[in-house]
Amino acid sequence: MSMEKYQMLMTAIKTDTATPVAAVPPREFLSSLVWIKADGPATAGTQSLIEILAPPGWATPWHTHHTHDEYFYILEGEVTAQVGDARAVLRPGDYAFGPRGVPHGYRVTGSGPARLLMMTGDRDFAEFVKEMSEPAAGNELPEPSEPDVARVVATAARYGIEVFGPMPD
């Protein structure tokens, strides 16, 4: 069997210009902290990888992605994820999949903050997070604040994300 079909596009990274992942600065995103680990320019437009630190009770909006699938991997804490009608409590080491076109979201349900990785199969999610976030002053969670819902909905739409409202109870 020929190995040609198993070859993949590899982008060389010069070590003198590469940014170490640990050096990625935190950003404030909708009352959480995020670290954009991989975005469009770093992945030839094919991936987003975002680390999120969110406080207890924090939730994403109920939403769907029209251009990409979304993956959740829990590093710390407890999160309740809902994908369509299915709900699951996720703890460190657990994973969930939000396919494109299927409404989904998650809420931090543990007594402490949750840290997770969000991955998507295109650059749209990282670009959305960049546009909706600001550089953080440090590595501490920001004070909770009410989001500008109209801005969230409009910005999300530009990146193939449709927001339906708050997470269902």
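Some ground rules. Residues are numbered from 1 along each chain as its sequence is written, and side-chain values use heavy atoms, with hydrogens and water left out. Because the model is predicted, local features need pLDDT of at least 70 and side-chain atom pairs count only at pLDDT 80 or more, while totals for chains, interfaces and linings use all residues.

On confidence: pLDDT is the predictor's confidence in each residue, from 0 to 100. The mean for the protein chain is 87, and 86% of its residues reach 70 or more. Over residues 1-19, though, the pLDDT is below 50, and beyond near neighbours in sequence this stretch has three contacts in the model; contact means heavy atoms within 4.5 Å. Where pLDDT is low, the predicted coordinates should not be read in detail.

Now the overall fold. The protein chain has two helices and 12 strands. Helices (H or I, at least four residues) and strands (E, at least two) are DSSP runs, numbered from the N terminus. Along the sequence the order is β-β-β-β-β-β-β-β-β-β-α-β-α-β. Taking contacts between residues at least 6 apart in sequence, 74% join residues at least 24 apart.

Of the 169 residues, 42% are buried. Buried means under 20% relative accessible area, exposed over 50%, and partly exposed in between (1.4 Å probe, protein chains only). Helix α1, residues 124-132, is mostly covered, with seven of its nine residues buried. Among them are Phe125, Phe128 and Met132.

Gly105 is an example from a strand. Gly105 sits in β9, residues 104-108, and is buried, at a relative accessible area of 0%. What does Gly105 contact, leaving aside its neighbours within four places in sequence? The list is Thr60, Pro61, Trp62, His63, Thr80, Ala81, Gln82 and Met167. For Thr60, 45 residues away along the chain, the C-alpha separation from Gly105 is 5.5 Å.

Next, charges. Side chains of opposite charge can pair when their charged atoms come close. A salt bridge here is a side-chain nitrogen of Lys or Arg within 4 Å of a carboxyl oxygen of Asp or Glu, and the structure holds eight.

Lys37 belongs to strand β2 (residues 32-38) and Glu51 to strand β3 (residues 48-54), 14 residues apart. Lys37 is partly exposed at 23%, whereas Glu51 is buried at 12%.

Another pairs Asp39 with Lys130, with the closest N and O atoms 2.6 Å apart. Asp39 is in the loop between β2 and β3 and Lys130 is in helix α1, so this pair ties together parts 91 residues apart in sequence.

Arg115 and Glu76 also form a salt bridge, at 3.8 Å from N to O. Arg115 is in strand β10 (residues 114-120) and Glu76 in strand β5, so parts 39 residues apart in sequence are tied together. Lys37, Glu51, Glu76 and Arg115 are linked in a network of salt bridges.

Last, the surface. Tyr73, Leu75, Tyr95 and Phe97 form a nonpolar patch there, with about 360 Å² of accessible area together. Areas come from the Shrake-Rupley method with a 1.4 Å probe, and for residues only the protein chains shown count as cover. Patches are made of residues with over 30% relative accessible area and no salt bridge; like charges are joined within 9 Å, nonpolar side chains (Val, Leu, Ile, Met, Phe, Trp, Tyr) within 5 Å. Strands β5 (70-76) and β8 (95-98) each supply at least two residues of this patch.
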